[in-house]
Amino acid sequence: MIAAFLLGIAGIAGAQSPAISPQEQSLFAATNRARADQGLAPLRWDDALAAAARTHAGWIVQNSQLSHQYSGEPGLAARAAQAGAHFQSVAENIAMGADAGQIQKEWMKSPPHRANILDPNLNAVGFSVIERAGYLYAVADFANSVAALTPEQAEAAVEKLLSARNMKIAASNLDARQTCEMTHGTAGGSHPLFVMRWQNSDLSTLPQALEAELKTGRYQSAAVGACASANAESAFTTYRIAVLLY
């Protein structure tokens, strides 16, 4: 008896988890073997996802039936975030079976479960297995996890990309930080020639529009400012950035 759920949107975090049980280790190893067979990178164990899975497994046992959300329980994304996970997408498999091997076989025979296990865009997972009355209740919470950056770290990540494009980084980013919080216009009196604001969970690349401006060769320096995400209440981790070009 199995069920699957997938939710997508565009770090390992959380408190130290209890020791991984043999059943959880078995499912973790089997999942990564299945990915290796398809030429996919292994998933890394995420304590926060494991904590979220453990919480949900408790709900399953309490209700004696399989479901991805029970009355009064937060949804998958919310409970993963509450456990300390940072991600741009999250997915879940749940199951009830006699042993871990049977559960893994059933997941791999089920298209939605198999899709979660073999999703190349997911990079982390946490498992929880609870035994009751001779049955195992298993939860696997997968995610495309992202780093949990402070505003200063987010600024530094973007500044590194700009420096690699021969842009001098301004000594002060006060105007950029204040501009980041505005919906239009610019703060301060530095009069940038170009302003770019965006929000994303991935700070490894610059927006195409900004890349195009940089290629014009019109600009000599840049200031970077980070501010609170426009969807800070969301479970999904994003960063809000403003770049001022001079």
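How many helices and how many strands does the secondary structure of the protein come to? I looked this up before anything else, keeping in mind that I am working with a predicted model, and I found eight helices and nine strands.

**Entry 1: overall extent**

I next noted that the C-alpha trace spans about 70 × 40 × 30 Å along its principal axes. Of the 246 residues in the protein, 48% are buried.

**Entry 2: the nonpolar cores**

I wanted to know which residues touch the most other members of the largest nonpolar core. That core has 22 residues, and the ones I was looking for are Leu27, Ile103, Trp107, Ile117, Phe127 and Phe142. I then checked which elements each supply at least two residues to this core, and I wrote down helix H1 (22-37), strand S3 (87-97), helix H4 (100-109), strand S4 (124-132) and strand S5 (135-145). Apart from this core lies another one of 20 residues, and I noted Met167, Trp198, Leu210 and Tyr239 among them. As a reminder to myself, nonpolar side chains in soluble globular proteins tend to be buried together.

**Entry 3: helices H1 and H4**

The axes of H1 and H4 come within 9 Å and cross at roughly 35°, and the crossing in which H1 passes H4 is right-handed. On the H1 side I found the contact to be made by Gln23, Ser26, Leu27, Ala30, Thr31 and Ala34, while on the H4 side the residues are Ala100, Ile103, Gln104, Trp107 and Met108.

**Entry 4: the disulfide**

Which two cysteines form the disulfide? The structure holds one disulfide, and I found it between Cys180 and Cys227, whose sulfur atoms are 2.1 Å apart. Cys180 belongs to helix H7 (residues 174-180) and Cys227 to strand S8 (residues 221-227), so that the pair, 47 residues apart, links distant parts of the chain. The torsion about the S-S bond is about -70°, and therefore I recorded the disulfide as left-handed. Both Cys180 and Cys227 are buried.

Is Glu211 buried or exposed? Glu211 sits in helix H8 (residues 208-214), and I counted Glu211 as buried because its relative accessible area is 18%, where buried means under 20%. Leaving aside neighbours within four places in sequence, I found Glu211 in contact with Arg165 and Leu206.

Asp47, which I looked up in helix H2 (residues 47-63), is likewise buried, with a relative accessible area of 17%. I also checked Asp47 against Gly126, which is 79 residues apart from it along the chain, and their C-alpha atoms are separated by 6.4 Å.

Gly189 counts as exposed because its relative accessibility is 56%, and exposed means over 50%. From C-alpha to C-alpha, Gly189 and Leu43 are 48 Å apart in space, and in sequence they are 146 residues apart.

Key. Residues numbered from 1 in each chain as written. Predicted model: local features only at pLDDT ≥ 70, side-chain atom pairs only at ≥ 80, totals over all residues. Heavy atoms only, no water. Disulfide = S-S within 2.5 Å. Helix = DSSP H or I, 4+ residues; strand = E, 2+ residues; numbered from the N terminus. Buried < 20%, exposed > 50% of the residue type's maximum accessible area, 1.4 Å probe, protein only. Core = buried A, V, L, I, M, F, W, Y, C linked by side-chain atoms within 4.5 Å. Axes fitted to C-alpha atoms, helices over the stretch in contact; angles between N-to-C directions. Left-handed = near helix turned anticlockwise from the far one by under 90°. Contact = heavy atoms within 4.5 Å.
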